[in-house]
Amino acid sequence: MIVLRLLFAFILITIVVCLGVYLLSQDRRYLRFAWQVSKFLFVLLVLVQVLILNNLEIGAGIYPMLYPLFILLLPIEMATVTLMVISFFFGLTIDAFSNTFGLHASAAVVFAFFRPLIFKLFAPRDGFETG
């Protein structure tokens, strides 16, 4: 599990560095690379969820879920409808591998719907920085 944590941290650091270099140089190659790494993160989260976490039962039918993290990490200024569509397809992907027939898709859409409200509750007084 430590290897997965290190890989996840490395991917997030890579994305942040690429976005920072893009902001300094305005070279779109860094933005495209960050997008490629984000797609890799999506595939990695799906594989970890399906292959490892769906087989790990904590007790009494409780399974750890990692895919809501992907929904939380999407940009703050993303429109709610777009966020809900992305979350639906992400949950549908998890459902396809887990044989849960729409359970994760519906939960992901509800989570995406309430995400802006949750961010408003925990937002700093001066608001978030957009870049």
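Q26 is exposed, with a relative accessible area of 51%. Exposed here means over 50%, so Q26 makes the cut-off at 51%. Where does Q26 sit? You'll find Q26 in the loop between α1 and α2. And there's something to look at in its backbone: phi of Q26 is near 60 degrees, which is a positive value in a residue other than glycine. For background, most residues other than glycine have a negative phi.

Before I go on, please keep in mind that this is a predicted model.

Is F101 buried or exposed? F101 counts as exposed, at 80% relative accessibility.

Right, let's zoom out to the whole chain. How many helices and strands are there? The protein chain has five helices and zero strands. So if you read along the sequence, you get the pattern α-α-α-α-α. Take the C-alpha atoms along the principal axes and they fill a box of roughly 50 × 35 × 25 Å. There are 131 residues in the protein chain, and buried residues make up 26% of them. As for contacts, look at those between residues at least 6 apart in sequence: 50% of them join residues at least 24 apart.

Now for a pair of helices, α2 and α4. Helix α2 is residues 28-52 and helix α4 is residues 80-98, and their axes come within 10 Å, crossing at roughly 35 degrees. It's a right-handed crossing, α2 passing α4. Which residues make the contact? On the α2 side we have F42, L45, V46, Q49 and V50, and on the α4 side F90, T93, I94 and F97. Sort the residues in this contact of α2 with α4 by class and you get seven nonpolar, two polar and no charged.

While we're on α2, have a look at L51, which lies in that helix. L51 counts as exposed, at 57% relative accessibility. Along the sequence, L51 and S98 are 47 residues apart, but C-alpha to C-alpha they are 9.3 Å apart in space.

Over on α4, there's V81, which has its place in that helix. V81 is exposed too, with a relative accessible area of 61%.

L19 brings me to my last topic, the pockets. What volume does the largest pocket have? It's about 970 Å³. There are 26 residues lining this pocket, and the closest to its centre are I15, L19, L73, L74 and P75. Helix α1, which is 2-25, supplies at least two residues of that lining, and so does α2. How does the lining of the largest pocket divide into nonpolar, polar and charged? We have 19 nonpolar residues, four polar and three charged.

That's my tour. Thanks, everyone!

How values were computed: Residues are numbered from 1 along each chain as its sequence is written. This is a predicted model: local features need pLDDT of at least 70, side-chain atom pairs count only at pLDDT 80 or more; totals for chains, interfaces and linings use all residues. Side-chain values use heavy atoms; hydrogens and water are left out. Axes are lines fitted to C-alpha atoms, for helices over the stretch in contact, and angles run from 0 to 180 degrees between N-to-C directions. Helices (H or I, at least four residues) and strands (E, at least two) are DSSP runs, numbered from the N terminus. A crossing is left-handed if the near helix is turned anticlockwise from the far one by less than a right angle, and right-handed if clockwise. Contact means heavy atoms within 4.5 Å. Ala, Val, Leu, Ile, Met, Phe, Trp, Tyr, Cys and Pro count as nonpolar, Asp, Glu, Lys and Arg as charged, and the others, Gly among them, as polar. Buried means under 20% relative accessible area, exposed over 50%, partly exposed in between (1.4 Å probe, protein chains only). On a 1 Å grid over the protein atoms alone, a cavity is a set of points where a 1.4 Å probe fits but cannot get out, and a pocket is an open set with protein on both sides within 12 Å along at least five of seven lines; lining residues have an atom within 4 Å of a point. Grid points are joined across faces, edges and corners, and a volume is the space filled by probe spheres set on the points.
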